[in-house]
Structures are given as structure tokens and as C-alpha cells.
Amino acid sequence: MEYKEIKLETDQQGVAWLTLNREAKHNSMNSQMMREILGACKELSDLESVRAVVLTGSGEKSFSAGADLGWMRENFERSREERMAESSMLADMLEALNGLDKITIARINGQAYAGGVGLICVCDIAISVKTARFALTETRLGLTPANISPYVMERLGMSNCRRILLNSHFFGAQEALSMGLIHKRVDPGELDQVVEAEIQSCLDCAPGAVATTKQLLRRVSAQSADENRKYTAELLAEVWETEEAQSGIRAFFDRKPPPWKY
């Protein structure tokens, strides 16, 4: 797939860098970008060589300002069926990122508003510059954060969501850290160094185990206690049978690096 609104590059470590590439528009998401992110997620899912995905924005000012307001205005002129198709594409894009079986890292290089916060919430790890500002601005515009709400609520909990979704207030990286939106806040000059340290930690982990554990987290959060007892007992027994698990344990006892470690 040819990309125009994003950049997708994979380095020698097997780390894919997905960059929102609309710097002049604060990396806001239009219909084309959403389609491209969907395509990129499919491409990445099919590549066993990719171990982790870093999501970031181009430039130094913005991670993402969310959905492009021009795209929003265009939807006013569409039919109900067309509006449903556009909204469904946004929902599909978010779930595609959320469901990737690779570790995902949000490299937050600047401000993140509305859907940009949603993008952070579908990533496993979030590292932000201290100077970043955040807000869920939908209600200021007469809108509602419908598509991103499941991921924001899962990340932040009801109490935080009631405040930041209802009054759309702007907040800094320290408040984002305290509520769990991001995991680390760093000086701008340290961002790449800290992201690289997270990447190296990710590469220490077995790719199959990472994919299984991401599925585990999703299943356990959605099931009852009785369902989880059965599911988790069966899952561990199945994992014991994998060559990846057996080679990892052998490497530990032989004091050798496992086969997936660089």
C-alpha cells in the first residue's frame, strides 16, 4: 500500500515507526489517513519480523490534534449511510491499533487533543514530552467522543473520564501522568533516548508470548471469574507446549540468551 498521510518505516531491529504525517494540520486525521492507518495495521499484523510499533507525529509541535475538522464538516453534507461508513472507519482504525499483536509505544512529541488522546489510549506504552498539552475537546464543539470512549474509559476510569470528557479542560503532562494517560514524562531532548530504552525492553520479550499476553489481557478484562479460571488454566497448559516457551526456559538454565533476543 502506498502511503501519503502517514509514513511507515521498519528498522533493522524489527521496530516499525508509524508517523502521522500531516504536520501543517497538526497531524489531524482525515479520511485518507484513517484508511492508511488501517492498511498499515494489516501490513504490520502480517509481518512476523516486526516486534514493536512506535506511533508518533511528524514535527515537534503536535502528536495529533484528533479528527480533522474539515473531515467533520464534510460529514455534515453526507447521507446517514455515508456518515455511518466514515464513523465506522474511525472505529475500525482504533480497534486495529488496539488489537495489534505487537507491543505498541506512543511517542508523544507534542500536543494531543480529542482523537489524538484516543490514539494514545490504544497504545500499550505512552512516553510524552513534558511540554505536551492534552484535552478531550469534543464537547466544546458540540460533539461527543463516541469512538474513542471505550479506550479512554478503560485507560483512565470513570472518575477521570467524567471530568476530562465533560468539561473539555486542557491539562499538562504531569496531570496526564497522574491519571494514567501516559507512563513517563521527559524533557524533549530525552524523548528518543527514553523511547529507545522502552524498545530494548520490549525486544527482550518473546514475540509469541507478547501476542498471547495481549490477548490474555483483553479476554480476562471481559470475562467472569469462573470463565477466567478455566481460560487461564487452559492457556498456561497450552503455552507450556510451545517451542518458544521451552526454548526460553532452556536458555535460562543454560545461561544463554533466548533465540529472539538480539
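Two strands count as paired if DSSP finds at least two bridges between them. Helices (H or I, at least four residues) and strands (E, at least two) are DSSP runs, numbered from the N terminus. The structure is a predicted model, in which local features need pLDDT of at least 70 and side-chain atom pairs count only at pLDDT 80 or more, while totals for chains, interfaces and linings use all residues. Residues are numbered from 1 along each chain as its sequence is written, and side-chain values use heavy atoms, with hydrogens and water left out.

**Exercise 1. Strand β2 and its partners**

Task: Describe how β2 is joined to strand β3, and then to strand β1.

Solution. 
Step 1. Strands of a sheet pair through backbone hydrogen bonds, either parallel or antiparallel.
Step 2. Between β2 and β3 (residues 52–57) there are six bridges, and the two strands run parallel. Trp17 stands opposite Val54 in β3.
Step 3. β1 (residues 6–10) and β2 (residues 15–20) run antiparallel and are joined by five bridges. Lys7 has Thr19 of β2 as its bridge partner, and Leu8 stands opposite Leu18 in β2.
Step 4. The hairpin of β1 and β2 has four residues between the strands, and Gly14 takes a positive phi near 85° there.
Step 5. Of the six residues of β2, five are buried, so the strand is largely enclosed by the rest of the structure. Buried means under 20% relative accessible area, exposed over 50%, and partly exposed in between (1.4 Å probe, protein chains only).

**Exercise 2. Aromatic pairs**

Task: Classify the ring pair of Phe134 and Phe171, and then that of Phe252 and Phe253.

Solution. 
Step 1. Rings of Phe, Tyr and Trp (its six-membered ring) pair if their centres lie within 6.5 Å; planes under 30 degrees apart count as stacked, over 60 as edge-to-face and the rest as tilted.
Step 2. The structure holds three aromatic pairs. One of them, Phe134 with Phe171, is stacked, at 5.7 Å centre to centre with 20° between the planes.
Step 3. This pair links distant parts of the chain, with Phe134 in strand β8 (residues 133–135) and Phe171 in strand β9 (residues 171–172), 37 residues apart. Phe134 and Phe171 are both buried.
Step 4. The ring centres of Phe252 and Phe253 are 5.4 Å apart and the planes stand at 85°, so this pair is edge-to-face. Both Phe252 and Phe253 are exposed.

**Exercise 3. Packing of α8 against α9**

Task: State how the two helices are oriented and which residues meet.

Solution. 
Step 1. Axes are lines fitted to C-alpha atoms, for helices over the stretch in contact, and angles run from 0 to 180 degrees between N-to-C directions.
Step 2. The axes of α8 (residues 207–222) and α9 (residues 225–240) are 11 Å apart, and the helices pack at an angle of about 170°.
Step 3. Helices α8 and α9 are therefore roughly antiparallel. Angles under 35 degrees count as roughly parallel, over 145 as roughly antiparallel, 65 to 115 as roughly perpendicular and the rest as oblique.
Step 4. From α8, Thr212, Gln215, Leu216, Arg219 and Val220 meet Asn228, Tyr231, Thr232, Leu235 and Val239 of α9. Contact means heavy atoms within 4.5 Å.
Step 5. The residues of this contact divide into five nonpolar, four polar and one charged. Here Ala, Val, Leu, Ile, Met, Phe, Trp, Tyr, Cys and Pro count as nonpolar, Asp, Glu, Lys and Arg as charged, and the others, Gly among them, as polar.
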